[in-house]
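Hi,

Here is the structure we talked about. Please open it alongside this note; my findings follow below.

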Amino acid sequence: MRTQSSAIDETGIAVSTPGAPEPYVPANRRPGTLQAALGVTAFSLTFPATVWGLEGFGPWSLVAVRSALAAVIAGGCLLALRVPVPSRRHWAGLAVVAAGVVLGFPLLTTLALQTSTTAHAAVVVGLLPLTTALLSALRTGARPSRLFWGAALAGAAAVIAFTVQQSGGALSSADAYLFGALLICAAGYTEGGRLARTMPGWQVIGWALVLCLPLSVPGALVALWYEPVRLTAHSVAGLLWVAAGSQFLGLVVWYRGMAAIGIPKASQLQLAQPLLTLVWSVLLLGEQLTPAAPLTAAAVLICIALTQRARG
């Protein structure tokens with residue numbers, strides 16, 4: 001397969017080079033916002049689906065199998081469409097995406113959900129938008145306005161206060177896993193959003209998944225050998241969602257949305273993710289919400305609106 005080549009100018013936008021294929025041009029802003037929102041919706045189902053998956057799989061089996069299945073889907077698409085191999089300079093960034101969103105975040109959150117409720121685990125997602133915006137500012141040189149940072153901080157505070165209250169304010173041994181997942185996922189989001197300026201978002205996550213195949217396939221075989229498997233409707237549905245929905249399709253629209261509207265603004269749409277996760281937890285897992293949920297949702301929506309209108 002031939003090698004894809006493009007360059008990025010001082011503004012961070014892809015430009016073509018003589019004799020090279022045309023660079024990928026991201027979607028305009030409005031569809032980009034919708035795509036990022038669809039990604040958030042897909043991600044909000046990840047924790048409930050993981051809990052379902054853990055009914056029939058061990059934590060290591062669930063993570064390895066979901067990665068391998070997603071890689072098969074992504075690799076099949078790449079082969080069918082004869083997508084050129086990314087240039088060598090992109091592989092370091094793809095490795096960060098693979099370590100962050102393909103392996104690190106799924107593994108650490110799955111380990112945490114063995115002893116933590118989805119409500120408590122949502123704390124990490126409540127901090128993820130702000131962490132992603134901070135890493136993006138450091139990595140890409142983005143300089144959002146003071147209004148953006150103020151709204152982002154307010155939104156993060158509202159989500160954290162609600163989720164801590166929802167979980168009773170208790171800290172658990174799972175918190176170490178959750179905060180580790182927070183940092184590594186934010187790095188994967190930032191690098192993936194940057195790469196999505198030079199190639200379609202589905203190719204970013206597709207190549208990151210393929211990059212993990214030498215680890216995910218042997219890991220799945222070993223984990224399935226040592227961990228007991230009990231197939232149920234819930235466990236199969238949970239596995240299929242985290243593999244196809246969260247691990248591939250959700251990241252496809254998420255990275256495309258980030259490329260279109262910018263990493264900081266896209267990241268703030270994730271302020272709604274913990275609240276959506278808690279709604280799914282009520283509907284799918286039978287967990288209980290407090291009366292504070294509607295008030296928190298309203299506050300978060302206001303903060304999201306401010307971040308999307310903020311300059312920069």
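Helix H9 (213–226) gives the largest share of the lining of the second largest pocket, five residues. Bear in mind that this is a predicted model.

**The second largest pocket**
The space in this pocket comes to about 200 Å³. H3 and H4 join H9 in supplying at least two residues each to the lining. Trp60, Val63, Ala64 and Ser67 are among the lining residues, as are Leu103 and Leu107. Leu215, Ser216, Gly219, Ala220 and Ala223 also line the pocket. By class, the lining has eight nonpolar residues, three polar and no charged.

**The cavity**
A search of the whole structure turns up one cavity of 30 Å³ or more. The lining has 17 residues, and Phe43, Thr46, Phe105, Tyr189 and Ser246 are the closest to the centre. Which elements give two or more residues to this lining? They are helix H2 (46–53), helix H4 (91–112), helix H5 (118–140), helix H10 (233–261) and helix H12 (273–285). H4 provides the largest share, four residues. The lining divides into nine nonpolar, seven polar and one charged residues.

**One backbone detail**
Arg82 is not a glycine, yet has a positive phi of about 50°. Arg82 sits in the loop between helix H3 (59–80) and H4. Is Arg82 buried or exposed? Its relative accessibility is 71%, so Arg82 counts as exposed, the cut-off being over 50%.

Best wishes

Conventions: Residues are numbered from 1 along each chain as its sequence is written. This is a predicted model: local features need pLDDT of at least 70, side-chain atom pairs count only at pLDDT 80 or more; totals for chains, interfaces and linings use all residues. Side-chain values use heavy atoms; hydrogens and water are left out. On a 1 Å grid over the protein atoms alone, a cavity is a set of points where a 1.4 Å probe fits but cannot get out, and a pocket is an open set with protein on both sides within 12 Å along at least five of seven lines; lining residues have an atom within 4 Å of a point. Grid points are joined across faces, edges and corners, and a volume is the space filled by probe spheres set on the points. Ala, Val, Leu, Ile, Met, Phe, Trp, Tyr, Cys and Pro count as nonpolar, Asp, Glu, Lys and Arg as charged, and the others, Gly among them, as polar. Buried means under 20% relative accessible area, exposed over 50%, partly exposed in between (1.4 Å probe, protein chains only).
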